Amino acid sequence: MLNLPQTQFEVSAEPLTAVRADWLVLGVWLDQPYSGPGAELVSKFREGGDFGAKHLELVPVLNPTGVAAARVLFVGLGKRADVKRATLHDAAAAAARHITAKKFATVAVAVPDPEFTLAVGVGLAQGSQGPGIRKGTPTRFAPERFVLVGGAADELPRVRAEARALWLARELVNTPPRELYPETFAVAAAGAGRAAGFEVEVWDESRIAAERMGSLLGVAEGSARPARLAVLRYTGNPGGPVLGLVGKGVTFDSGGLSLKPSDGMVDMKCDMAGAAAVLAGVQAVAELKLPVNLFGVLALVENMPSGTALKLGDVLTARNGKTIEVLNTDAEGRLILADALCLAAEHTKFLVNFATLTGACMVALGTETSGLMTNNDAWGEQILGAVAKAGERAWKLPMDASYDGLIKSKVADMRNTGGGRWAGAIAGGKFLEQFVGDAKWAHLDIAGPSFAEGESAAQDAGGTGCMVRSIVEMARAFGERGA
């Protein structure tokens, strides 16, 4: 079902002029003189206004002189003073997207400084995988190897692990829903666990029912595909604190009886991006053997309309005994996360969940920034710090008690909608907060950045792999700092 790149990553200390490759990628700073291979060409390009080294600007040279590489690609890095992981990640991704539109064996990339090895390596991985693998003629060809010239060899294991994790998450999101559904997602999770060295326990619908997860099962009732729940365990620090990671895995979301229009349904294979990020992130942590303990929960369902589907006005009972009035079956993600969070909170007091939860978050923050909601400001700041360090984006939304009334119900403990147009993302967060007990908890609404409707210089359309890098940073920080 999954078709992942097999590209190898290497580090070389050879002079740039001596590196043999199909392409040699050379970064140029906007605000600094360039003295590397092809310096005279760069000067001419600049004088002629053909290349200013603006961020993501590309200039290919197909018949270079003075280098062993067959072709050279100059990529603009922007201002040196503004450099961070995200800018170099995107620059490397843009270069890889340009090159991998055709098939080449070896791509060498000049790493501007060893400290940027991770950003460049994972950016290259981002740009070498696209959504068109099922086309008769592929549109993206991952090379056999990337050579990071001047890179830090001790960063290679992390580059490889994050690259593989990114590819896994994006492939899961891009896989058609007739191929990826709760049962096959669970099979993929089990396979990842066997390969990377973490435990995966899959619960079928009878076990889910026995575990009193009525909210999750209610969403799954309308589909011919039965629900699954996957529990992931990685123990890298026996006896130490545990970081809980929970992912929303709606493998296709029709809206249920609150049926989406076609335009709103067409990309709903992406509604499991949170679960994909958690699985891929745990895989990377396990491959790196980081000294941290993780407890992951993937809630996996289809949300479909049928004669057995959840109805408006139904009341569900979650694992913790709280009752939920269902007033919109298209607000299903929070229903499955309710039970998943209850389970995770029984195993740890440190939780982060990832979910393509609300369109309202996209209205508030756009398509490139996740919304973060938390019941503990210090914990939320730790999570935001990890996201920023990973080169991703999140913004904190308020969660004070003035929003509690958004989910008030007349017939149950709560309702699954905010009851109006306002503060929809926060209403989702307030709902989830009811199921975390006394755990420190952060909710990341990744509806915007998890799926790109169109391509950009650094990004193909489709699944983006959002939050995979951030999960690795969260795990590293948690392992180092603990609770």
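View 1. V242 stands opposite N293 in β10. The two strands, β9 (residues 242–253) and β10 (residues 293–303), run parallel and are joined by 11 bridges. Two strands are said to pair if DSSP finds at least two bridges between them. Helices (H or I, at least four residues) and strands (E, at least two) are DSSP runs, numbered from the N terminus. Strands of a sheet pair through backbone hydrogen bonds, either parallel or antiparallel. The model is predicted: local features need pLDDT of at least 70, side-chain atom pairs count only at pLDDT 80 or more, and totals for chains, interfaces and linings use all residues. Residues are numbered from 1 along each chain as its sequence is written, and side-chain values use heavy atoms, with hydrogens and water left out.

**View 2. The open sheet of 8 strands.** The strand order is β7-β8-β10-β9-β13-β17-β14-β15, and the pairing is mixed. β7 (199–203) and β15 (394–396) are at the edges with a single partner strand each, so one side of each has no neighbour in the sheet. From one strand to the next, the twist averages 20°. Axes here are lines fitted to C-alpha atoms, for helices over the stretch in contact, and angles run from 0 to 180 degrees between N-to-C directions.

**View 3. Helices α9 and α14 on the sheet.** Helix α9 (residues 273–288) lies across β8 (228–235), β9, β10 and β13 (350–355), at about 140° to β9. Helix α14 (residues 468–481) lies across β9, β10, β13 and β17 (440–445), at about 165° to β9. The axes of α9 and α14 are 8 Å apart, and the helices pack at an angle of about 50°. α9 is therefore oblique to α14; angles under 35 degrees count as roughly parallel, over 145 as roughly antiparallel, 65 to 115 as roughly perpendicular and the rest as oblique.

**View 4. Residues between α9 and α14.** In α9, the residues A277, V278, A280, G281, A284, V285 and L288 meet V468, I471, V472 and A475 of α14. Contact means heavy atoms within 4.5 Å. By class, this contact has 10 nonpolar, 1 polar and no charged residues. Ala, Val, Leu, Ile, Met, Phe, Trp, Tyr, Cys and Pro count as nonpolar, Asp, Glu, Lys and Arg as charged, and the others, Gly among them, as polar.

**View 5. The helix pair α10 and α13.** Helix α10 (residues 333–345) and helix α13 (residues 424–433) have axes that come within 9 Å and cross at roughly 30°. The two helices are therefore roughly parallel to each other. R334, L335, L337, A338 and L341 of α10 meet A427, G428, F431 and L432 of α13. The contact of α10 with α13 has 7 nonpolar, 1 polar and 1 charged residues.

**View 6. The covered helix α3.** In helix α3 (residues 117–127), 11 of 11 residues are buried, where buried means under 20% relative accessible area, exposed over 50% and partly exposed in between (1.4 Å probe, protein chains only). Elements covering these residues include β1 (8–12), α2 (85–99), β5 (106–110), β6 (145–149), α4 (156–174) and α14.

**View 7. The open sheet of 6 strands.** This sheet has the order β1-β6-β5-β2-β4-β3, with mixed pairing. β1 and β3 (58–61) are the edge strands, each with a single partner, so one side of each is left without a neighbour. β5 and β6 pair in the parallel sense over 5 bridges, and A108 stands opposite V147 in β6. α3 packs on the sheet, touching β1, β5 and β6, and its direction makes about 160° with that of β6.
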